[in-house]
Amino acid sequence: LVPFLMGFHSHFVFFHSFWFCLDNFSTFLLILTFWISLLMCLSMSNSNKLESLFFCIMALNFVLAMAFLSNSFLGFYIFFEVSLIPTLIIILGWGVQPERIRAGSYLLIYTLVGSLPLLGSIIFMDYHCGTVKFFLPFLDAYFYFSSDYSIFCILFILAFLIKLPLYGVHLWLPKAHVEAPVAGSMVLAGILLKLGAYGLIRSLRFLVLDFCFWSDFFFIWALFSMCIVGFMCFRQCDLKSLIAYSSVAHMSLVFSACFSCDLIGMNGVLGMLISHGLCSSGLFFGVQCLYENSGSRSLYLNRGILSLSPMFSFFWFLLCVGNASAPPSLNLLSEFFLISSIVNFGGVFGAVFCGVSIFLAGLFSIYLYVLVCHGKWALSSNFWMPFNFRSFLIMFLHVVPLYGLLFLSNFIFFV
């Protein structure tokens, strides 16, 4: 067991020092962070207080880069928490909805309460192992089969489950997305959700989720949440809320694949983090473009865009196709790896839930495209203004890597 845990991903470390480490996961998540930050600056270029906004984005960029480069769990925890500050400032300072203070408090309370057990677990690991480094610690073999291991495992991954988020601890996410400005939604969906998955993957170096007493419960919970969130997407009439709930479904798929702890699953997790970050960020920016024209994010008021702007409908179609994990997007290959890993671990039971989840994801993605692009533009909406070049450029910069990275997948994946 210990040689397997110590050798996990050890052949793919590009740089390693006392303070920093760089491997496949951190490298591509760093690139994703810089790319989404650039698109955030472009998307908010017509906002007020641009200097303060760009300073918050750069500060958040630095904090996230340090979190992905950190070589210790304590350093990762510190930057994990510090990332809340610029995110909260962006939501409160540039959000336009009256409920943004409540959304910010939800984000703060959920993350802080969930991360306190993580801090205690890191202190316990330092006492037990003598170190909190990513690539050094391992637990004694007897600890995996002791009664304390299940408690330690739950406390350690609780903060990551909230940050993913998993259904049941997800209520902060739709609220924060709905009340945040476009830059806040892009960074929440594109990068901050990846912090939870990144910490979970790092913890798999010395945690085996299958050895936890509650492993069956967690696995069934993740599979069930994929399906129940898929049904909840059909009940949303707010475009931002619908896209936020689809993110919960994709992240539940990522968590389910972590139980098998095999190379195929880790390939799928990395590909899904990159593709989901690009796809959901592009969809949130598209919703902002619709909101600027109609003054509403309602599905019933934003109709008939195909007759008004065929170019926007084309980019919206490509993003919805990516959200449904259809070819030729990177989501397809990533989801294929994830489902292979889940079926390998859960058998027929996992295959049934994955099949239902794929069907629902394709269905609500078609639902999202058809209701927005087809139909008749509502006369009660504001006067239609054509989309400018900036809108098409930002959506183009989301779509190109989403589909182009499929042809560079041999550089992204480990095999």
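Predicted model: local features only at pLDDT ≥ 70, side-chain atom pairs only at ≥ 80, totals over all residues.
Contact here means heavy atoms within 4.5 Å.

**A pair of helices**

Two packed helices are described by the angle between their axes and the distance between the axes. Helix α9 (residues 182-203) packs with helix α11 (residues 239-257) at an angle of about 15 degrees, and their axes are 11 Å apart. Angles under 35 degrees count as roughly parallel, and α9 and α11 are therefore roughly parallel to each other. Their crossing is right-handed.

From α9, the residues V182, S185, L193, A197 and L200 take part in the contact, and they meet K240, S247, V254 and F255 of α11. By class, this contact of α9 with α11 has six nonpolar, two polar and one charged residues.

**Cavities**

Rolling a probe the size of a water molecule over the atoms shows where empty space is left. In the whole structure, a search finds two cavities of 30 Å³ or more. The largest cavity has a volume of about 90 Å³. It is lined by 13 residues, and the closest to its centre are A249, H250, E335, S357 and A361. At least two lining residues come from each of α10 (215-233), α11 and α15 (330-373). The largest share, eight residues, is from α15.

The second largest cavity is lined by C153, I157, L209, C212, S215, F218, F255 and F259. Helices α7 (147-163) and α10 each supply at least two residues of this lining. F255 also belongs to the α11 side of the contact with α9.

For the largest pocket, 19 residues form the lining, and M44, W94, V96, P181 and Q288 are the closest to its centre. Both α5 (84-94) and α12 (263-294) supply at least two residues of the lining, and α12 gives the most, with three.

The second largest pocket is lined by F28, I31, L32, W35, I274, L278, P401 and L405. Here the elements that give two or more residues are α2 (24-43) and α12. The most, four residues, come from α2.

**Volumes and linings**

The table sets out the volume of each space and the classes of its lining residues.

| Space | Volume | Lining residues by class |
|---|---|---|
| Largest cavity | about 90 Å³ | nine nonpolar, three polar, one charged |
| Second largest cavity | about 30 Å³ | seven nonpolar, one polar, no charged |
| Largest pocket | about 300 Å³ | seven nonpolar, eight polar, four charged |
| Second largest pocket | about 180 Å³ | eight nonpolar, no polar, no charged |

Key. Residues numbered from 1 in each chain as written. Heavy atoms only, no water. Axes fitted to C-alpha atoms, helices over the stretch in contact; angles between N-to-C directions. Parallel < 35°, antiparallel > 145°, perpendicular 65-115°, else oblique. Left-handed = near helix turned anticlockwise from the far one by under 90°. Nonpolar A, V, L, I, M, F, W, Y, C, P; charged D, E, K, R; others polar. 1 Å grid on protein atoms, 1.4 Å probe; cavity = no way out; pocket = protein on both sides within 12 Å on 5 of 7 lines; lining within 4 Å. Points joined across faces, edges and corners; volume = space filled by probe spheres on them.
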